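Here is a short note for someone opening this model for the first time. Please read the points with the structure in view.

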Amino acid sequence: MAAAFATLLTTANLAVAEVAGGTVKIGVINDQAGPLSDLAGPGSVAAARLAIEDFQKLSPSVKVELVTADHQNKPDIGAQIVRRWYDAEAVDAVFDVGNSAVALAVQSIAKERGKLVVYSAVGTVDITGKQCSPTGLAWLHDNYNLVSGPIRKLKSQGLDPWFFIAADYAFGRNMVQESQAMLASAGGRTAGSVFHPLGNADYGSFLLQAQASGAKVVAFANAGEQLVSAMKQWNEFGMGAAGQTPVALLMFLTDVHSMGLQIAQGLTTMTAWYWDLNDDTRAFAKRFFGMRGTMPTAPQAAVYSAILHYLKAVAATGSDDTATVLAKMRATPVDDFYAPGATLRADNKLVHDFYLVQAKKPAELDRPWAYYKVVETVKPADAYRPLSESECPLVVARPK
């Protein structure tokens with residue numbers, strides 16, 4: 001027993017010794033104060049701290065340092081910060097990002113440096129498609145995941161054609177593109193689309209264009225403050241009285257909280273995670289609420305999961321070398337409340353269940369923050385683009 005214990009101590013000390021500088025350094029970068037800050041922002045930092053706290057209980061000998069930054073939704077600022085982190089501050093891995101345009105800028109830097117970056121709320125399919133990278137992982141969703149459920153469900157109910165109101169940057173344009181392609185494959189039609197600036201406040205002209213289009217569905221490809229403002233004005237203008245159905249192609253729990261169920265009721269959306277799914281998700285949510293005073297969003301839960309999985313791989317391999325840790329992350333299924341048993345596939349997407357949810361009516365709310373009812377669980381076969389259709393260069397052997 002003494003010999004075994006000595007071996008264990010030696011292995012633990014070796015693990016720490018093989019981590020560069022003796023400390024694992026991770027960075028969380030996202031929008032900390034702007035229109036996307038509620039869905040991730042400081043809450044993602046809180047989730048990161050919880051993940052580090054839980055990891056230290058498992059591996060107290062491995063030192064972990066967390067750094068954070070606000071990219072202000074500007075690709076040049078995000079790229080500058082991440083480049084400095086990798087080159088001058090010895091950051092081993094970057095998490096969250098939460099903006100498609102910033103993510104595309106960060107992706108190339110991480111690839112050049114051979115460093116890991118793990119995305120949560122990044123929608124563009126190019127991150128794991130045409131611009132995929134060996135070191136860029138998608139832990140939460142992409143636009144294909146997000147539009148697959150609502151389009152399939154509503155089109156089957158005869159709701160067609162569709163009009164799109166979208167944010168005018170990489171995320172919004174890619175989401176409309178993915179939606180239109182999926183709608184066409186289902187035999188549906190597009191009645192038109194309009195794009196607004198990021199952080200826009202007045203949606204009157206866009207809503208009037210949607211109304212004039214005669215579309216049965218008005219789909220919003222924006223999020224955070226943008227979706228909240230748009231839906232409040234939809235309600236003020238009495239748009240629902242015209243018989244059009246609004247759909248939030250990307251909606252977070254904090255969006256529903258901000259607009260209130262009186263406005264959000266009936267909105268459907270796809271989500272990778274919801275705090276009220278089971279006892280394990282509720283236990284994490286209770287801890288998170290104790291720190292933030294809000295329930296966690298799906299991106300914040302994904303940040304926790306990705307960081308914990310990464311740190312476990314560091315401890316298991318005794319190294320912070322990107323290739324070594326990434327190989328362990330691939331070989332080990334996720335073991336947490338977020339996506340138990342989930343694995344990374346060849347295009348670097350974490351494969352897990354999704355949930356088609358609908359915002360409750362005010363009278364259906366039985367406790368704070370329990371805003372969703374789960375319409376159906378969407379299995380990976382229906383939620384993910386088949387690997388046979390992938391444009392990712394990493395996908396070498398494609399299934400027949």
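**Notes on the predicted model**

1. Start with the largest nonpolar core, which has 119 residues; Trp 139, Ile 307, Tyr 310 and Tyr 338 touch the most other members. Helix α12 (residues 298-317) contributes the most to this core, with 12 residues. A nonpolar core here is a set of buried Ala, Val, Leu, Ile, Met, Phe, Trp, Tyr and Cys residues joined through side-chain atoms within 4.5 Å. Buried means under 20% relative accessible area, exposed over 50%, and partly exposed in between (1.4 Å probe, protein chains only). Helices (H or I, at least four residues) and strands (E, at least two) are DSSP runs, numbered from the N terminus.

2. A word on the source: this is a predicted model, where local features need pLDDT of at least 70, side-chain atom pairs count only at pLDDT 80 or more, and totals for chains, interfaces and linings use all residues. Residues are numbered from 1 along each chain as its sequence is written, and side-chain values use heavy atoms, with hydrogens and water left out.

3. Which residues does Tyr 338 touch? Leaving out residues up to four places away in sequence, the list includes Trp 139, Trp 273, Ser 305, Leu 350 and His 352. Contact means heavy atoms within 4.5 Å. There is also a second, separate core of 23 residues, with Ile 77, Val 91, Ala 103 and Val 122 among them.

4. Next, the parallel sheet. Five strands form an open sheet in the order β2-β1-β3-β4-β5, with parallel pairing. At the edges are β2 (63-70) and β5, each pairing on one side only. The twist averages 20° from one strand to the next. Two strands pair if DSSP finds at least two bridges between them.

5. Look at the individual pairs. β1 (residues 23-30) and β3 (residues 93-96) pair over 4 bridges, and Gly 27 stands opposite Val 94. β3 and β4 also pair over 4 bridges, with Ala 93 opposite Leu 116. From β3 the chain crosses through helix α4 (residues 100-113) to β4, in a right-handed β-α-β crossover. Right-handed means that, with the strands pointing away from the viewer, the path from the first strand over the helix to the second runs clockwise.

6. Helix α2 (residues 41-58) lies across β1, β2 and β3, at about 175° to β2. Axes are lines fitted to C-alpha atoms, for helices over the stretch in contact; angles run from 0 to 180 degrees between N-to-C directions.

7. The other sheet to check is antiparallel: 3 strands, open, in the order β10-β13-β14. β10 (268-271) and β14 (372-378) stand at the edges with a single partner strand each, so one side of each has no neighbour in the sheet. Helix α5 (residues 143-156) packs on this sheet and touches β10, β13 and β14. Its direction makes about 140° with that of β10.

8. How many disulfides are there? The count is 1 (a pair of cysteine sulfur atoms within 2.5 Å). Cys 132 and Cys 392 form it, with sulfur atoms 2.1 Å apart. The torsion about their S-S bond is about 85°, so the disulfide is right-handed. Cys 132 sits in the loop between β4 (116-119) and β5 (136-138), and Cys 392 in the segment after α14 (380-383), 260 residues apart. Both cysteines are buried.

9. Finally, Thr 128 is in the loop between β4 and β5. Thr 128 is buried, at 4% relative accessible area. Its contacts beyond four places in sequence include Asp 142, Asp 347, Lys 349 and Cys 392.
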